[in-house]
Amino acid sequence: PVRQLAEYEASAHARQRNFPEDALKQLEAKRVSLDRLLVDCTSDREVGDLVRNQRAGTTLRAAARQIPRVDLAVRVVPVTRHVLRFVVDLTPAYDWSPRVHGGGPEPFWLWVEDLDSKRAHHYEQVTLTPAPSARKSGAHRGAAPEAATAAFAVAVADPLPPQFFVRVLSDRWLGSTAVLEVSTNGLKLPSTASKPTDLLPLHPLPTSALGVPAFERLYGFTHFNPVQTQLFHCLYNTDKNVLLGAPTGSGKTVIAELAVMRMLNRRGAAADDAAAAKEQHEQQQPNSERRPPKITTTSIKTKAVYIAPLKALARERLHDWKRKFGEQLGLEVLELTGDATPDARALTRADVLITTPEKWDGVTRLWQRREYARHAAVLIIDEIHLLGEDRGPVIEAIVSRVRFARHPVRIVGLSTAISNADDLARWLGILPSGDADDGGAARTHHGGLFNFRPSVRPVTIEAHVAGFPGKHYCPRMATMNKPCYQAILEHARGKPALVFVASRRQTRLTAVDLIAIAGADDAVLGGATA
C-alpha cells in the first residue's frame, strides 16, 4: 500500500526523494505489514533501520498513517437461538488528506466468517466520510474521518461455532485489512422457542358479557372477534398480568380497553364496599362515639396508564378514548407527552393517562413525590417488542420500577407475535406452566401469556412479494413507485390502500409520484376508479 502512495507524487524526482525505490523493495521483500510499521515500530528511526534508509523512515511512516485502516469494536446480541445481531463500530485510524483521499467517502468491505464452515455469513459495503469541517477547510494536514456503525442479523446453526471473525478490507488500498475475533463462549442464548398459543374454536362472545350497559354502548359491533373472545376472561375477570402477541389487525385496542374496564369495575366495587363499611360503622356506634372508619383503599382514585411508542400514536389514542371514555362514560382522559403536560391537579383527577415511554420514565423516577404516578393501577404498554430496539432500556426501566413498587400494578403488554415469549413473560411476572428441564415435555401456557401465530388473523391476508435491484435507497424507492401503483390497481381497485415507507420525507415523495402516475393514466382520466 505504501507504493500506491508513491504514485501520488507530482514528479519522478519527488517520488525518488520521498519514496526511494530501494526502501520500497526492502518493505516488499520483508513483507512488512501496516501493523508492523505503525505499532511494532515506535519511531521513524526504527522504520529507517528496517528499510536500511534513515532518511526514508520519516516519509514512510507518515505515508503509512495515511493508508485507510480502521479499529473495530463488535457487540453480539442473541435475538433467538438461530439469529444473532451484530453491531460493528468502525473507527478510522488514519490521517485523511484531500490530496490522497479526495473529498468523497472511503469504501470498505465488511465480512463475517467462522473458522469451522469457512464461509462468509454476511458481507456489506461500509463507507467512511471525512468530517464536515475537514472537507470545508480543504486543509492538507491530517483530519480523522467520522466513525461508522454497521448493524445486521446473521443466521447461525445450533450449536454456535466457537468464534466468528469480523474482517474489514479497504476497497481501494491493498493490504489494508482489520480482523477481530469474536468469541461466542460468553453468549447466553434464549431458551427454545416457546410453543405458540393455539386459537381455540370458541363461539364469538357477545358484548353483553361485559355486564355494564354503558360499556356495551362503546362498541358498534355485537360480538368480539376470536382473539378477544379467548382473552376476555383473563382480562375482564382477573387481575393477572397479560402479554399478548398477535398480528396487526387482531383487535389489540379492544384488549387494552377491557383492561381499563376491569380497573373501573374494581374501583366502583371498592367505592361500594367503602360506603357499606361506613354505614355499618355508623349503625354500630352511638352518636356521641361515632368516628369515621379507617379505610385506605377507597381514598385512592386509581387510574390506567397507556404507553404508546410514538407521540403521533398517543395523540390518535387520545382522540379515540376521549370520545369513548370521556364523552360516553364521563371519565377524564389526558395526554402526558413532551407536547402536552397538564398540571399535577389535573393529572391526579385523571382516570386514563396516555403517554410515551420517555415521559413516563421521567415521571416514575420520582414516583414517591407524584401522587398521580403512585395511583396507577394498570399499565398498558403498546408495541412492547420494542424492548429489543434502541428505546428498550427506557421500557425496561419502567417495567422494573413498576414491578418493585409497593402497591400492585397490573401490566398488560401488547405486541406482534414474538419468538421468545416465555422469557418476556417471566420478566413481566407471568410464569408458564409445564416447563421441562430436559426439553422433552411439552410446554403449556397458563395465566396471561397469549402468543398467537402470525397467521392468526380475523381477516385473512394474501402476500405478494416483488424484488427490486439496486443498493442505493433513493433510486430503489423511485423504481418501486410504478409497480406499487399497478399493484394498487390490481389488488385494491376502488378500495382504500395503505403504502408503508421508511420515513416522513419518503412518504411525501412517494405520494407525489403516485399522484403523477395516476394523472398520466388514461384509465383514471377516463373516469375509471383506482
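A residue is called buried here when its relative accessible area is under 20%, exposed when it is over 50%, and partly exposed in between, with a 1.4 Å probe and protein chains only. The structure is a predicted model, in which local features need a pLDDT of at least 70 and side-chain atom pairs count only at pLDDT 80 or more, whereas totals for chains, interfaces and linings use all residues. Residues are numbered from 1 along each chain as its sequence is written, and side-chain values use heavy atoms, with hydrogens and water left out.

The pLDDT, which is the predictor's confidence in each residue on a scale from 0 to 100, averages 79 over the protein, and 76% of the residues score at least 70. Residues 292–299 have a pLDDT below 50, and beyond near neighbours in sequence this stretch has eight contacts in the model, a contact meaning heavy atoms within 4.5 Å. The pLDDT is also below 50 over residues 434–445, a stretch with 19 contacts beyond near neighbours in sequence. Where pLDDT is low, the predicted coordinates should not be read in detail.

Helices (H or I, at least four residues) and strands (E, at least two) are taken as DSSP runs and numbered from the N terminus, and two strands are said to pair if DSSP finds at least two bridges between them. On this basis, seven strands form an open sheet with parallel pairing, in the order β10-β11-β9-β12-β13-β8-β14. Its edge strands, each pairing on one side only, are β10 (333–336) and β14 (449–451). Neighbouring strands of the sheet are turned against each other by 15° on average, direction ignored, where axes are lines fitted to C-alpha atoms, for helices over the stretch in contact, and angles run from 0 to 180 degrees between N-to-C directions.

Helix α12 (residues 311–328) packs on this sheet, where it touches β9 (303–307), β10 and β11 (352–355), and its direction makes about 165° with that of β10. Within helix α12 lies D320, which is buried, with a relative accessible area of 18%. The side chain of D320 is joined to that of R317 by a polar contact of 3.0 Å, the term denoting a pair of N or O atoms within 3.5 Å of which, within protein, one must be able to donate a hydrogen and the other to accept it, while residues adjacent in sequence count only if both atoms are side-chain atoms. With neighbours within four places in sequence left aside, D320 is in contact with T253 and E257.

Strand β13 (residues 410–415) pairs in the parallel sense with β8 (residues 242–245) over four bridges, and L243 stands opposite G413 while L244 stands opposite L414. Four bridges also join β13 to the parallel strand β12 (residues 376–381), in which L379 stands opposite I411. Because six of the six residues of β13 are buried, this strand is largely enclosed by the rest of the structure. Both of its faces are covered, with R410, V412 and L414 buried on one side and I411, G413 and S415 buried on the other.

A further open sheet consists of three strands in the order β1-β2-β5, with antiparallel pairing. Here β1 (70–80) and β5 (148–155) are the edge strands, each pairing on one side only, and neighbouring strands are turned by 20° against each other on average, direction ignored. Strand β2 (residues 83–92) is joined to β5 by eight bridges, with V88 standing opposite A150.
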